[in-house]
Amino acid sequence: MTEKGAIAYAEATGDDPARSVDRGFAPPMYAVRLIAGLWRAVYQDPVLGTADQLVLHAEQRMLFAGDLRIGAQVHAHGWVKGMIGFGFGDAALIRNVIADETGRVLVSMECTLAIQGSSDCPPDGRRARALDRGEQVCTESRLLDEHAPHRYADAADDHNPLHLDDELARTAGHPCRIVHGMCTLATGFAALSERLLRDPDDRVRYLRARFSRPVLPGSEVTYSAHTTGAAGTYALSASCGGRPVLKNTWLRLAGQNR
């Protein structure tokens, strides 16, 4: 992991590098940059027989056990947990693990990649845990401008044409290219971090999100965090034009004072 790469990811998501990079570690969502090639290996497998622009990031779960230290050597691997029926198509469930040189796991992930087209896959039987929302802790708005997809594509090594090519995005049923789901999520985390990460030792421990609606470049997204009744656990929401773009999204923090 390089400092240059960590800074690029922070800047692409509106994060302040001083929050992490200046302290020697990458932003937590930078983990997706480290496994981007593994995701591509799955959805570009000839067995699926699909075009890149027909693949949509639907859900993401991340468990953080350690910091992504700049300059450290890490190892990433992944496997397909299974295929499920998902919405109007199918989805691949991908598990990923990032470990340090000693084999200690730093980040564990499960990603749901929805693929347009139907098969005989059994329907998704998983149920996300619902959290009651309490008091609103903070809210922030961020503009994901016309260049946001290109900045994020370079920073996250995710050049799916769904996010970069208007014509190909239209063949997938979108009005134009759309912002990466992880860009929307990471931008929101960066926007709310100043209020949520109150102590220098605070870290995100667990994060889950469902991308319920694509965000178009040039859109303003409003992010909010609510208490849930559990210490250090917040329900997150994001909306664009009054419509939710994240659902069933929450994070749990860990630190010396939690």
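Two strands are taken to pair if DSSP finds at least two bridges between them. In this predicted model, Phe-86 stands opposite Gly-89, a residue of S3. Phe-86 lies in strand S2 (74-86), and S2 is joined to strand S3 (residues 89-100) by 12 bridges, the two running antiparallel.

This pair belongs to an open sheet of nine strands, whose order is S2-S3-S4-S1-S6-S9-S8-S7-S5 and whose pairing is antiparallel. At its edges stand S2 and S5, each of which pairs on one side only. From one strand to the next the twist averages 20°. In general, strands of a sheet pair through backbone hydrogen bonds, in either a parallel or an antiparallel manner.

Against the sheet, helix H6 lies across strand S1 (55-64), S5, strand S6 (203-211), strand S7 (219-227), strand S8 (233-240) and strand S9 (243-254). Its direction makes an angle of about 135° with S5.

Which residues touch the most other members of the largest nonpolar core? Within this core of 59 residues, they are Tyr-9, Met-62, Leu-196 and Leu-251. Helix H6 (residues 181-196) contributes the most to the core, with seven residues. Apart from this core lies another, of six residues, among them Ala-58, Ile-84, Phe-86 and Ala-114.

The surroundings of Met-62 can be given in detail. Beyond residues up to four places away in sequence, Met-62 touches Pro-28, Met-29, Ala-31, Val-32, Ser-108, Met-109, Met-182, Arg-205, Tyr-206 and Leu-207.

Helix H4 (residues 148-156) also has a buried side: Ala-148, Pro-149, Tyr-152, Ala-153, Ala-155 and Ala-156 are buried. The elements that cover these residues include helix H1 (3-12), helix H2 (31-34), helix H3 (36-43), strand S5 (136-144) and H6. Just after H4, Asp-157 adopts a positive phi of about 55°.

Is Glu-135 buried or exposed? Glu-135 is placed in the loop between strand S4 (105-116) and S5. Its relative accessible area is 60%, and because the cut-off for an exposed residue is over 50%, Glu-135 counts as exposed. Val-221 is 86 residues from Glu-135 in sequence, and their C-alpha atoms are 20 Å apart in space.

Note on methods:
Residues are numbered from 1 along each chain as its sequence is written. This is a predicted model: local features need pLDDT of at least 70, side-chain atom pairs count only at pLDDT 80 or more; totals for chains, interfaces and linings use all residues. Side-chain values use heavy atoms; hydrogens and water are left out. A nonpolar core is a set of buried Ala, Val, Leu, Ile, Met, Phe, Trp, Tyr and Cys residues joined through side-chain atoms within 4.5 Å. Buried means under 20% relative accessible area, exposed over 50%, partly exposed in between (1.4 Å probe, protein chains only). Helices (H or I, at least four residues) and strands (E, at least two) are DSSP runs, numbered from the N terminus. Contact means heavy atoms within 4.5 Å. Axes are lines fitted to C-alpha atoms, for helices over the stretch in contact, and angles run from 0 to 180 degrees between N-to-C directions.
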